[in-house]
Structure formats: structure tokens, C-alpha cells
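Subject: A structure for you to explore

Hi there,

Here is the structure I promised to pass on. Please open it beside this email and follow along as you read.

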Amino acid sequence: MYTIFFIGTAGSGKSTLVAALSAWLENQGFDVGIVNLDPAAEYLPYAPDIDVRSRVSARKLMKEFKLGPNASIIAAVDMAIAEADRIKEEMEALGAPMYLIDTPGQMELFAFRQSGAYLVQKLSDVHALTVYVADAVYAQSVDGFATSMLLALSSRIRFKRPQIFAVNKIDLVPEDVINNIANWAENPETLIESLDVPQYEKEIVRYTASMGGVVRPIFISAKTGRGLDALYYHIQLHYTGGEDFQLPP
Ligand SMILES: Nc1nc2c(ncn2[C@@H]2O[C@H](COP(=O)(O)OP(=O)(O)OP(=O)(O)O)[C@@H](O)[C@H]2O)c(=O)[nH]1
Ligand SMILES: [Mg+2]
């Protein structure tokens, strides 16, 4: 069983991407399951096979314990830990070879807390991967790209799984923005030069880049479907080492 977790800042397009990629995979003849781990989702653009909201609902907790929107997500994710074994059993019983797993939009409530990492660890099988979903509109500025990279790196530290860095919503930016971002990623010195920050902060980015912290993004649009084939190619690279363009048995 292969598990792919979609992580990213609020509104970056995680849920839309899960919907688009699952439809794309099904179109290619692959059997794929979807798990929703967002206890606060009001609307999902896909029909999840397994839904954490049927076990814990942030909305219910909000009303019952008079919590704010963030505290209710924290409480719901913490409570979902008690359900992790049952969710995993449900995944195994369903028997899909690959699961796309949507996570809460308030990334810091999931990625930066121990309970989020615990859930990822519990639901992962031998093969688990995260896809960090960044927003092209946000990442088009030099500050936006640098902070997206550092956020992706933070979640890598937390989840300790291989990560694919995807820049979503490329349908909303002109082609030269995509080229700029690719250039920053490939030549981090151009990024560092453009950053308007004190020297020591540039050094932090330079050191991060030298240690492989600045990676080449996969450019996608969950809306138009552009780049989903490249995303899948990189997902299967992690699983098969790129031997073939098929889901392994
Ligand atoms: N133009 C465009 N809009 C997109 C794309 N992907 C997502 N969106 C839109 O961005 C908004 C947020 O998308 P979601 O999929 O809900 O994002 P999310 O990361 O799951 O959001 P939360 O879970 O609420 O944090 C929606 O209005 C989507 O239609 C894309 O590739 N292009
Ligand atoms: Mg979502």
C-alpha cells in the first residue's frame, strides 16, 4: 500500500489536487483510494473512501466545547490519533494499492504539531511520500518562493518522509513566472541575490540550498490538469526508481 500525503498552506489547492490526481489516475486505469484527514472540511471536491469527519468533526467540537476554529482543529486532530488504527484497518480492508491523503488546510495545526506527524506515521505503510503543495500566485515573488521552500523544508523535518515540491495554480500566472521560479530553484544564487534581507539571512538560505534544501518544483494546475503526468512520474520514481511508468504490483 502506497500512501501519499498532501500538505500545504491553507487554500494552496490540496483538496482540488487530490480530486484532480485521483481522477487522472483512475483515467489511466489505476485503482486509487482517497482519505480525508481534514476534520474541518465543509466541502470536498471528491468523494472520500475514508473520511475522518465521520469519526471526529471540528465543527461539533467547536459547538460542544465552545472552541475557536483553530482550537477545534487541534482538538480534532489530537482525537483522530485514537482512531488511527481503525482508519488504517479501513484502508487495508478497502484494499486500494495507493491512497491519496488530504490534510487540514491550517498547515501549522497539522504539520507543526506532534499529532499530525503521528497520524502520518500511523497511516503510512512501507512506502509513504508527502507532496508539498505551494501556490504559484504566492511563490511568484522572491520572498514568497523562499518562504514556501522553507515551509516545505519544515514539514519535511516534521514528517521525515520523501517529499515532492509541487507548485500549483500555474494556470493563474504567466509562463515567465514559471521560468523565474524554475531558475531560482536551479540556481539558488539568483534567488539569494534577489532577496532583500540582511546578509546573515542570505547565508541561511545559501546554506540551506547547499544542503539540498532548495529543490526543483513540479509545476501543476489542479484546475486544468497540466503537469499531473509529471507529478505522477515523480511519485512513481520514489516507488520504483523510475523503472517503468506503472504502479508497482
Ligand atoms: N485557478 C486555480 N485555482 C485552483 C487550483 N487549485 C485549487 N484552486 C482553487 O483554490 C481554492 C482552494 O482550493 P482547495 O483545494 O480547497 O485548497 P486546500 O489547500 O484544500 O484548502 P484548505 O483545505 O481550505 O486549506 C479553490 O477555490 C480552488 O478551486 C488551480 O490549479 N488553479
Ligand atoms: Mg482542503
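First, some ground rules. This is a predicted model, in which local features need pLDDT of at least 70 and side-chain atom pairs count only at pLDDT 80 or more, while totals for chains, interfaces and linings use all residues. Residues are numbered from 1 along each chain as its sequence is written, and chains are lettered from A and ligands numbered from 1 in the order in which they are written.

**The sheet**

Helices (H or I, at least four residues) and strands (E, at least two) are DSSP runs, numbered from the N terminus. Two strands pair if DSSP finds at least two bridges between them. Seven strands make an open sheet here, with parallel pairing and the order β3-β2-β4-β1-β5-β6-β7. β3 (50-51) and β7 (218-219) are at the edges with a single partner strand each, so one side of each has no neighbour in the sheet.

A residue is buried if 20 or more other C-beta atoms lie within 10 Å of its own, exposed if 12 or fewer, and partly exposed in between, with C-beta atoms placed from the backbone. By that rule, 7 of the 9 residues of β5 are buried. β5 pairs with β1 (residues 2-7) in the parallel sense over 6 bridges, and Ile4 stands opposite Leu129 of β5. β5 also pairs with β6, again parallel and over 6 bridges, where Asp135 has Asn168 as its bridge partner. β6 and β7 are parallel too, joined over 2 bridges, with Ala166 partnered by Ile218 in β7.

**Two helices**

The expected span of a helix is 1.5 Å times one less than its number of residues. Helix α8 (residues 142-159) has 18 residues and should span 26 Å, which agrees with the 26 Å between its end C-alpha atoms. Its buried residues include Phe145, Met149 and Phe159. Just after α8, Lys160 takes a positive phi of about 55 degrees.

Helix α9 has 12 residues and reaches 17 Å from its first C-alpha to its last, close to the expected 16 Å. Which residues of α9 are buried? They are Asn180, Ile181 and Trp184. Seen down the axis of α9, these buried residues fall within an arc of 95 degrees (taken from the directions from the helix axis to the C-beta atoms), so they line one face of the helix. They pack against α7 (136-139), α8, β6 and α10 (188-194), where contact means C-beta atoms, placed from the backbone, within 7 Å. On the other side of α9, Glu175, Asn179 and Glu186 are exposed.

**Two lysines in loops**

Lys66 lies in the loop between α2 (58-65) and α3 (69-80), and its phi is positive, near 55 degrees. Lys169, in the loop between β6 (163-168) and α9 (175-186), has a positive phi of about 70 degrees. Is each one buried or exposed? Lys66 counts as exposed because it has 9 C-beta neighbours inside 10 Å, whereas Lys169 counts as buried because it has 24.

**Around the ligand**

Ligand 1 has 17 residues around it, and Gly13, Ser15, Thr16, Gly105 and Lys223 come nearest. Here, near means that the C-beta atom, placed from the backbone, lies within 6 Å. Helix α1 (residues 14-27) gives the largest share of this shell, 3 residues.

Happy exploring!

Terms used
Contact = placed C-beta atoms within 7 Å.
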